[in-house]
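The entries follow the order in which I worked.

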Amino acid sequence: MNAVDLLIQQHREIEGMLRKALDTEEADAREQLYKQAADHLAVHVASEEQIFFPAVKAGRTEDILLESLEEHLALKRLIADLEGLQPSEKTFEPKLHVLKEQSEHHHKEEEDDLFPKVRKMMDGQRLDQLGNEMLALQKRMQRDGEPREAVAEQTDKAAPL
Ligand SMILES: [Fe+2]
Ligand SMILES: [Fe+2]
């Protein structure tokens, strides 16, 4: 699968899951939806940081990638905070709201600034290959457990490029 198409599709899925979690009032159901969204966000971000970003790093993408990595750090910090909260606590919902807003903003920047450049830089075959590598990593992470839980260990500084 084409890496850029895959990432865009996952942006919409993650946004949908976060919206659904916010729209759900009942605490247990909200928690399950939040966990699902955070796991998807965690594997999405990991596959960008470990596979996609290093592969698309070039003079004209470096600034965007560095900004993206800082935005990933902010998203990870929100997830780490949410992991330490019960959905019944007063700050859970506002924090979840900020996670939704910041991920939407981040996705838009990647889609507007980064992906068009990547499509010009790389041919379809290379993008397919990258997409398959990312899917394999994501599946491995989902199979190994709850990927969002590892995010708390990555909140000191942004991942290196
Ligand atoms: Fe990202
Ligand atoms: Fe992304």
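This is a predicted model: local features need pLDDT of at least 70, side-chain atom pairs count only at pLDDT 80 or more; totals for chains, interfaces and linings use all residues.

Entry 1: Residues are numbered from 1 along each chain as its sequence is written, chains are lettered from A and ligands numbered from 1 in the order written, and side-chain values use heavy atoms, with hydrogens and water left out.

Helices here are DSSP runs (H or I, at least four residues), numbered from the N terminus. The axes of helix 1 and helix 4 lie 10 Å apart, at an angle of about 165 degrees. Axes are lines fitted to C-alpha atoms over the stretch in contact, and angles run from 0 to 180 degrees between N-to-C directions. Helix 1 and helix 4 are therefore roughly antiparallel, a label for angles over 145 degrees. I recorded 11 nonpolar, four polar and 10 charged residues in this contact. Ala, Val, Leu, Ile, Met, Phe, Trp, Tyr, Cys and Pro count as nonpolar, Asp, Glu, Lys and Arg as charged, and the others, Gly among them, as polar.

**Entry 2: helix 1 and helix 5.** For helix 1 (residues 3–23) and helix 5 (residues 124–143), I found axes that come within 7 Å and cross at roughly 45 degrees. The contact (heavy atoms within 4.5 Å) includes Leu6 and Leu7 of helix 1 and Leu130 and Met134 of helix 5. By class, I noted eight nonpolar, three polar and no charged residues.

**Entry 3: cavities.** How many cavities of 30 Å³ or more does the structure hold? I found two. A cavity is a set of points on a 1 Å grid over the protein atoms alone where a 1.4 Å probe fits but cannot get out, and lining residues have an atom within 4 Å of a point. Points are joined across faces, edges and corners, and a volume is the space filled by probe spheres set on them.

The largest cavity holds about 40 Å³. Its lining is Leu41, Ala42, Val45, Leu75, Lys76, Ile79 and Val151, of which six are nonpolar and one is charged.

The second largest cavity holds about 30 Å³. Its lining divides into one nonpolar, two polar and four charged residues, and helix 3 gives the largest share, four residues.

Definitions and conventions: On a 1 Å grid over the protein atoms alone, a cavity is a set of points where a 1.4 Å probe fits but cannot get out, and a pocket is an open set with protein on both sides within 12 Å along at least five of seven lines; lining residues have an atom within 4 Å of a point. Helices (H or I, at least four residues) and strands (E, at least two) are DSSP runs, numbered from the N terminus. Angles under 35 degrees count as roughly parallel, over 145 as roughly antiparallel, 65 to 115 as roughly perpendicular and the rest as oblique.
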